[in-house]
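Student: I would like to work through several local features of this model, taking each from its place in the chain to its surroundings.

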Amino acid sequence: MDDSDGNINRLVRKVIDASKLPPRSRSSDIKPTVAELSSLAYDQGLLPDTLSELIDLVTSPSHLDQASLAALVRNLYPATVVTRHAVIRVLSSLGHGKLKPSLNIQAALLRWLVMVLQLIETPAVLSQAYAVLFNLLDTAAIRSQLCHLLALVTRRKHVKPFRIQALMDLSRKTGNDPSIVGLLRVFKDYYPDIIVGEAHPDSQWQARLEEIQLENHHRSQNQIEKPRDGFRIHKMPKLSQARRVIPTVRTSHATERSVTLEEIENAAVFVGKLEKIELPNQLVAVLADPLLQKLLMLRPSTESRQRIFNWIHTILQDVIDGNTDRETLWDVLLILRDFVIQTLEFPPLLLNFFAQFFQLWDGSGPRDALLQTLAHAPFHEFKELYQHVFGPLETAVLDDAADSQLAILVMYTNLLHHWTALLRADTAIPHHASASVAALVRHANTLCLALLQTEPTLQIESAILDFYEQNCRLITDDALIREMRIELPPALLLYSFLFSNSLTTLSRMCYVLACYKKGFEMAMLTRSRRESSQGFDTLSYDKAYVTLYNGFLMDICNCFWRTRAFSDSDPETQGCMVPRVTTSALTTYVPAVEKTFTLASLFSLSHSPLLCLQSIQSVRQLEEVELERDDSIRVRHAGPVTQSSLVKLASSGGIRLSWQDYRTGVLEHLSSQGYVGINELLTNTMKVLRYSQGSRRSSQGFSSQ
């Protein structure tokens, strides 16, 4: 609780305590306190508990004067939601009786209910109290406010013959009171918004409420918020200009047998009456209402889609023509972003809009909304998309800073995820599928290299690996693996990750290469089948490409398994791309520092800066297990482990452990700690490891040993 909330609670307690005493018995005048409390409530709104306390105060008998009570009611600005308890407390205070508040206070409370209607946590409470409210219409002092509230609450189930008759009789008695006549018209058409719409008895009060709601929303961005009910129409306060442009769900052409979205209260009712639901007047309300989105997804219609797209085209054309102010522009784009994400439907006209918009855009504003929208772009040829959309976007966004480069990379990662989902769901793979994905990966390769050079941090490494892991999901999919060509990451990128200072980065990089190995093996198998049946293969890999990939594997095996780091003696190895002059200098330098070390051994499982701790921990665990079985072990290994040190350890009273079992144990220990990539890569590459772990799979020509 912050200081401002504490001040409000202190003032509430003071007012409540004063309300229990007659004015002459109080030690001080309570009106300044009421004024201060009202001011704070106006400035920041009231949390649910505080709001309930004040409602209990104004609806219960007390010694507060009417002016103070009225001031409190005028400033009941909810900062979040209005609870069911608060609404019931207001409803129970209505009517005649000594314990009831004055009719002026009752009228003010009814006006308050009208203005906070969309913030009520459980709107059904008003429907449940419909009979109580209707029976109070004889009270002239609150009749106007009651009619307004009833008009907003009325649904088909509330329209009964006896109520229609009662309203007609009351209309005659009151000389056609406009509020009664308005409620009668609502009864005739069943829907309140036709007559009453969204008007509020106090526009300034409503405007201040919207400001408080928006400010509180911003304050609670880092908190876990209660999810919206997706099976109920939401008419939240319109906190932006665009929200005012997009209409709310409103149905006026309903029949006795049809059902409107406004009547749906839960998933069961929605499913049970799906075929009878009448479409609302303005289908463009689908952009902001999740229930209407569900209806149009389950009952698709070409005519409905066209109506929506026509509206979107009109509003976007205003943007291109310069007829929309900047605030409205971004509000519209944010709403379109939400619509695309929630429905996974990308209107074709959006691509045309972005192609024109990016020619004019300077890159300022909430760019994330655009990037998140474009991450759901349809699966077209990437070269064409880049020429007309992504290229101009990068020109506007990229500014040689890591943040902008990272934002673009995240967009491409999400785009690849979206395309993967589309390809998995598609029964016929587009002819350009492999070429488009390959083009996207090649473009991202360049972006990843630039990003790693701009800001070589762990966050950047993680984002880059996110992209390649997403690519792995595509090329290892059982249904797509035969259709997708594997595009390797740049060698500079892989070797940078190989010598990263993060074990997580190293493990993830190895896992990506292991996935590529499976993809290559399947491609080779597919090629042999195609060549035997068709005599050609559209996804074949030339020898140089395969040699390049095998070189990556062999370099990694040389570092971690063979104790031959940076070796280039094998034709396929690349010596981790370290210049030979540098390798020779380091080979001479290392023994000068420590006679027992060699350059080739410094990156082994035992000596690698990233793996040495995990390696010795695996030995410690074996020693602990052995001690529980046999307390005759007198010596522990000091580390780091070498082949000769294991022989000396066994002869001096330590555990007996072979060099092969030690290294296999380290890999298994790494996997148990969540670093599965290294074990996955070495196991699928080294024949000796596959055999030792019981694997019977053939390597299909991609083993580095």
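This is a predicted model: local features need pLDDT of at least 70, side-chain atom pairs count only at pLDDT 80 or more; totals for chains, interfaces and linings use all residues.

Student: Is Gln-106 buried or exposed, and what is its relative accessible area?
Tutor: Gln-106 lies in helix H6, which spans residues 103-115. Among the residues it touches are Ser-93, Leu-94 and Ile-142. Buried means under 20% relative accessible area, and Gln-106 is therefore buried, at 0%.

Student: Which residue has its backbone oxygen 2.8 Å from a polar atom of the Gln-106 side chain?
Tutor: The contacts of Gln-106 outside its sequence neighbourhood of four places include Lys-100, Pro-101 and Gly-95. The backbone oxygen at 2.8 Å from a polar atom of the Gln-106 side chain belongs to Gly-95.

Student: Which side chain is joined to that of Thr-50 by a polar contact of 3.0 Å?
Tutor: Thr-50 is in helix H3 (residues 48-59) and is buried, with a relative accessible area of 8%. Beyond four places in sequence, Thr-50 touches Ile-8, Asn-9 and Val-12. The 3.0 Å polar contact joins the side chain of Thr-50 to that of Asn-9.

Student: How are helices H22 and H23 oriented, roughly parallel or roughly antiparallel?
Tutor: Helix H22 (residues 433-454) and helix H23 (residues 458-475) have axes 10 Å apart and pack at about 165 degrees. Because an angle over 145 degrees counts as roughly antiparallel, H22 is placed relative to H23 as roughly antiparallel.

Student: How many nonpolar residues does the contact of H22 with H23 hold?
Tutor: The crossing of these two helices, H22 and H23, is left-handed. On the H22 side the contact includes Leu-440, Ala-444 and Cys-448, and on the H23 side Ile-464, Phe-467 and Leu-474. Two residues of the contact are polar, one is charged, and the nonpolar ones number twelve.

Student: What is the omega of the cis peptide bond between Gly-639 and Pro-640?
Tutor: Most peptide bonds are trans. Pro-640 is in the loop between helix H28 (612-629) and helix H29 (643-651). The bond that joins Gly-639 to Pro-640 is cis, with an omega of about -5 degrees.

Student: Where does Asp-400 lie, and is Asp-400 buried or exposed?
Tutor: Most residues other than glycine have a negative phi. Asp-400, however, has a positive phi near 70 degrees. It lies in the loop between helix H20 (382-397) and helix H21 (402-425). At 72% relative accessibility, Asp-400 is exposed.

Student: What is the relative accessible area of Phe-566?
Tutor: Phe-566 also has a positive phi, of about 70 degrees. Its place is the loop between helix H26 (543-560) and helix H27 (580-593). Phe-566 is buried, its relative accessible area being 8%.

Notes: Residues are numbered from 1 along each chain as its sequence is written. Side-chain values use heavy atoms; hydrogens and water are left out. Helices (H or I, at least four residues) and strands (E, at least two) are DSSP runs, numbered from the N terminus. Buried means under 20% relative accessible area, exposed over 50%, partly exposed in between (1.4 Å probe, protein chains only). A polar contact is a pair of N or O atoms within 3.5 Å; within protein, one must be able to donate a hydrogen and the other to accept it, and residues adjacent in sequence count only if both atoms are side-chain atoms. Contact means heavy atoms within 4.5 Å. Axes are lines fitted to C-alpha atoms, for helices over the stretch in contact, and angles run from 0 to 180 degrees between N-to-C directions. Angles under 35 degrees count as roughly parallel, over 145 as roughly antiparallel, 65 to 115 as roughly perpendicular and the rest as oblique. A crossing is left-handed if the near helix is turned anticlockwise from the far one by less than a right angle, and right-handed if clockwise. Ala, Val, Leu, Ile, Met, Phe, Trp, Tyr, Cys and Pro count as nonpolar, Asp, Glu, Lys and Arg as charged, and the others, Gly among them, as polar.
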